[in-house]
Amino acid sequence: MNIIDAHVHLSRIASFQQTADELSLVDYTADGLSKEFAANGVVLGIGMGVNETAEGGFPDRHAANPMTLNLEDKLPNFLLECTGINPYLLESGGQAELDRIEKRLSLDSTAGIKLYAGYYHFYVYDKIYGPIYELAKQYNLPVVIHTGDTYSKDGLIKYSHPLTVDELAVSHRDINFVLCHLGDPWVMDAAEVVRKNPNVYADLSGLQVGDGPFFQRFVTEPLFMDHFRRALIYADHYDKILFGTDWPLAPVEIYIRFVEALVPESFYSSVFYENALNVFPKARKRLEG
Ligand SMILES: [Zn+2]
């Protein structure tokens, strides 16, 4: 089975390195990711750009736009990027800020835009993001939005609740949005936003963080698994659900087995591969020419 991992990281972020070293036990380098992809039939990854200016600074109000995958000197050829946006600098930076972002979005290697709702304290429908949505339309790029719990105690989760994307989706029907992490723990709310809005998708990344033995404890816990299954069954839109790992937060193989246990087998090819091609036109271009 060919797989697209629609949500990974490869940025110099201290909390990701610490998670790799202590919890998921993965080799947090391009080489490490390349090996895990090759061993599991993952033909392409979508990396979420995010930067911190000082170690442990994420979510960093001073990180310059555009936020990229800066762990290695250059973007590996098995990854495309969703360029991260720091809204705090949009206001002060003016047109020069937008020009720098636009230049990044025009690259063949940029598959989308990533907003860190919750980490940054703005609602996604705030007017600060207006110019970013105009660029998304202009370049036909999806906007991928962090929803649910934040991987930082400094996040404010009222900004990352999946229901906040409903208003955005209604007012921008010509943009596709992806709810990261199915809005966990508000997975039923996320399911409703996916079900109701034709332009809203969701990824299944980051639903658990750790190594194989840790996952085993949860995969065998029916209440844990049913929490997600109920939302997936309610949404009934396996054409809009994307596989993603949130690597380095979990090993790729362990996460594939976990998602296989959540999704009916008849939808594997959609969830693990085809839906990502529909959401990310540049992924289709990269893989199908
Ligand atoms: Zn992530």
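Visitor: In which helix do Arg 284 and Glu 288 lie, and how many residues apart are they?

Guide: The model is predicted, with local features needing pLDDT of at least 70 and side-chain atom pairs counting only at pLDDT 80 or more, while totals for chains, interfaces and linings use all residues. Residues are numbered from 1 along each chain as its sequence is written, and side-chain values use heavy atoms, leaving out hydrogens and water.

Arg 284 and Glu 288 both belong to helix 11, residues 281–288, and are 4 residues apart, about one turn of the helix. Helices (H or I, at least four residues) and strands (E, at least two) are DSSP runs numbered from the N terminus. Arg 284 is partly exposed at 31% relative accessibility, and Glu 288 is likewise partly exposed at 48%; here buried means under 20% relative accessible area, exposed over 50%, and partly exposed in between (1.4 Å probe, protein chains only). The two side chains form a salt bridge whose closest N and O atoms are 3.2 Å apart, the term denoting a side-chain nitrogen of Lys or Arg within 4 Å of a carboxyl oxygen of Asp or Glu. Side chains of opposite charge can pair when their charged atoms come close.

Other pairs can be set beside this one. In helix 8 (residues 222–235), Arg 229 and Asp 226 stand 3 residues apart, about one turn of the helix, and their salt bridge has its closest N and O atoms 3.0 Å apart. Arg 229 is partly exposed at 27% relative accessible area, as is Asp 226 at 31%. Helix 9 (residues 252–262) holds Arg 257 and Glu 260, also 3 residues apart and about one turn of the helix; their side chains meet in a salt bridge of 2.9 Å, N to O. Arg 257 is partly exposed at 43% and Glu 260 at 21%. A search of the whole structure finds 12 salt bridges.

Asp 5, in strand 1 (residues 3–8), presents another case. Asp 5 is buried yet has no salt bridge, and the nearest side chain of opposite charge, that of Lys 114, is 11 Å away; Lys and Arg count as positive and Asp and Glu as negative, with His and the chain ends not counted. The side chain of Asp 5 does reach the backbone nitrogen of His 7 at 3.1 Å, and a polar contact of 2.6 Å joins the side chains of Asp 5 and Thr 245. A polar contact is a pair of N or O atoms within 3.5 Å; within protein, one must be able to donate a hydrogen and the other to accept it, and residues adjacent in sequence count only if both atoms are side-chain atoms. Beyond its neighbours within four places in sequence, Asp 5 is in contact (heavy atoms within 4.5 Å) with residues including Phe 37, Val 42, Leu 44 and Phe 243.

As for the whole, the chain has 11 helices and 8 strands. Buried residues make up 57% of its 289 residues. Among contacts between residues at least 6 apart in sequence, 76% join residues at least 24 apart. The C-alpha atoms fill a box of roughly 50 × 40 × 40 Å along the principal axes.
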